[in-house]
Amino acid sequence: MASVLAQDYPTENMEVFFVDGSSTDNTRSMIEKYTREHDYIHLLHNEFREVSFALNKGIEAARGEIIIRIDGHCTYPENYISTLVRYLFELDADNVGGLWKTLPANDSAVCHGIAIASSHPFGVGASRHKIGSKNIIKTDTVPFGCYRRDVFDRIGLFDTDLTRNQDDEFNGRLIKNGGKIYLIPDLVINYTARNRVAKMRKMYYQYGLYKPLVNKKLGSPATVRQFFPLLFLLGIVVGAILSFVSQWIFYLYVAVLLLYLGIGISIGIANVRKKRKISLLFWMPYIFTNIHLSYGYGYLVGIMKLLTNGTYQVNSNR
């Protein structure tokens, strides 16, 4: 909240809507205090307690020509809003966003490992807003996003079927309708990662679970990288079975597993000196495996739900 209040954008030209999903901590009372102190801050209630509903409530309540999504688990530079607005018009874009810098939840080795894996190409592929870019680039998605208001008039609001990946679906829909999305690498958002492997595993499972539904809604996959965790999972299972059939398949299977383990350890070694955490040697392979298998398993479950007309009922809370 402090980084939102510290923005250099003129407050007389801003509306800030906090959409509360029946929070059980002191969030609501804290925001109510801010609404009394600042007339541009407003509090809305999200009875559905899902992100897509919250986003749509904020968009419908807003009166401005620019809509910026802000996530509560991040901190933003003081020029965040002003820079996004400037580039939105300079680039003649429909959506612009900054880099996502993943920070550890605390100084433990496991939290550093989660943060490293969540922003490393081996963990998240060519997701440019997570792994970085030197130049402004046209991309398929950005974190949160700064949109022209007329985008929502043209293509609709966020899809309320999606507990996760609503940004991916919306940005995919935007691109299909001729929209342009740009990543601004000089603008860095600090995002605090999960503090436990179990929470991270649940998050990536949900990302994988909703991807097939996103693909169905868009009519095609938005990216190729989303398939690799599923292929990795299938390779682990099928390779183990076929290893009993052929000795050469067994050798190949073991070689691939050793290569995977070696990559994880080498990334751990590269970060031991920087983080001063010797146990990263062991945490990194474990965390990468959890990311890939949980996403891949979620993707497989998502495909099965589509094939059997199953329902998506997942709690997305942290």
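This is a predicted model: local features need pLDDT of at least 70, side-chain atom pairs count only at pLDDT 80 or more; totals for chains, interfaces and linings use all residues.
Mentor: Residues are numbered from 1 along each chain as its sequence is written, and side-chain values use heavy atoms, with hydrogens and water left out.

Trainee: What makes Cys111 count as buried?

Mentor: Buried means under 20% relative accessible area, exposed means over 50%, and partly exposed is in between (1.4 Å probe, protein chains only). Cys111 has 0%, so buried it is. Cys74 comes out at 7%, so that one is called buried too.

Trainee: Why is the Arg28 and Asp20 pair called a salt bridge?

Mentor: The rule wants a side-chain nitrogen of Lys or Arg within 4 Å of a carboxyl oxygen of Asp or Glu. Arg28 and Asp20 have 3.3 Å from N to O, so they pass. By this rule the count comes to 18 salt bridges.

Trainee: Are those two side chains buried or partly exposed?

Mentor: One of each! Asp20 has 8%, so it is buried, while Arg28 has 31%, so it is partly exposed.

Trainee: What makes Lys57 and Glu47 a pair that ties parts together?

Mentor: Their side chains meet in a salt bridge at 3.6 Å, N to O. Lys57 sits in helix α3 (residues 51-61) and Glu47 in the loop between β2 (41-45) and α3, so the bridge links parts 10 residues apart in sequence. Helices (H or I, at least four residues) and strands (E, at least two) are DSSP runs, numbered from the N terminus.

Trainee: How many residues apart in sequence are the parts tied by Asp94 and Arg154?

Mentor: These two form a salt bridge at 3.5 Å, N to O. Asp94 is in the loop between α4 (80-90) and β5 (95-103), and Arg154 is in helix α8 (residues 149-155), so the parts are 60 residues apart.

Trainee: Why is Arg154 called partly exposed?

Mentor: Arg154 has 44%, so it falls in the in-between class. Asp94 has 9%, so it is buried.
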